[in-house]
Amino acid sequence: MVEVVALDGDDTLWHSESYFTLTHRRFAELLAPHAEPDALEQQLLDVERRNLALFGYGVKGFTLSMIETAIAVSGGTVGADDIATILAWGKEMLAHPVDLLDGVAETVEALARSHRLVLVTKGDLFHQESKVARSGLADRFEHVAIVAEKDGATYRRVMATVGVPPERFLMVGNSVRSDVVPVIDLGGHAVHIPYHTTWELERAVLPVTDDGDRVWELEDIRQLPALVAELSGTRP
Ligand SMILES: [Mg+2]
């Protein structure tokens, strides 16, 4: 029986990756004199992967990685005006209004009537706090966990904080790697709701459990209350 429903933020409750995709496109145009789009994309990804341990997830780290990549692919000749342009994109992403996915507001409202809700999101602390505050959903959550990495240790800590065992914990999110796999490994339940685009570093294969149904995939968050009700023996 599911008692606590935990939700991911970026690309589960509100749009995020689509702004990154847009910025990638602008970055390719800006650096076109220095690099082919595919090679540039690969180099940026390598730089981001290397920098994750230092910068963590989020827009600020991404912005610094774009600047580092621009310097590298231009052989150190990229102009201050282009660096300023990249910085401006980063600020624009950080200041962008929180844009909820379709159906999120009513779904969270419905779930909050029957279940304890937790928000588990990773990235820049300051940016995530600001997004939670601007989402208009903060009051619906009993606990908001802004974390550096979504791994087993993190989920164990979240479960301990709200006092729920894995068997009564359901995590919902768009990333198989971050929202599904670690929770399933701990013995919990997880629902994958794919976003239309997935960051390369978040790609993973949906796990299969051999001890009954603990993993689900839904197309739309509006399908969630019915599934949660079914798992909890309550009505949606
Ligand atoms: Mg996400």
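Leu64 is partly exposed, with a relative accessible area of 40% (buried is under 20%, exposed over 50%, partly exposed in between, with a 1.4 Å probe and protein chains only). The model is predicted, so local features need pLDDT of at least 70 and side-chain atom pairs pLDDT 80 or more, while totals for chains, interfaces and linings use all residues. Residues are numbered from 1 along each chain as its sequence is written, and side-chain values use heavy atoms, without hydrogens and water.

Leu64 belongs to helix 3 (residues 59-73). Helices are DSSP runs of H or I with at least four residues, strands are runs of E with at least two, and both are numbered from the N terminus. Thr69 also sits in helix 3. Thr69 has 0% relative accessibility and counts as buried. Beyond neighbours within four places in sequence, Thr69 contacts Phe27, Leu40, Gln43, Leu44 and Val47 (contact means heavy atoms within 4.5 Å).

Strand 5 (residues 189-192) is buried at each of its residues: His189 and Val191 point one way, Ala190 and His192 the other. Strand 5 runs parallel to strand 4 (residues 169-173), joined by four bridges. Strands pair if DSSP finds at least two bridges between them. Val191 stands opposite Val172. From strand 4 the chain passes through helix 8 (residues 176-185) to strand 5, in a right-handed β-α-β crossover. Right-handed means that, with the strands pointing away from the viewer, the path from the first strand over the helix to the second runs clockwise. Three bridges join strand 5 to strand 6 (residues 215-217), again in parallel. There, Trp216 is the bridge partner of Val191.
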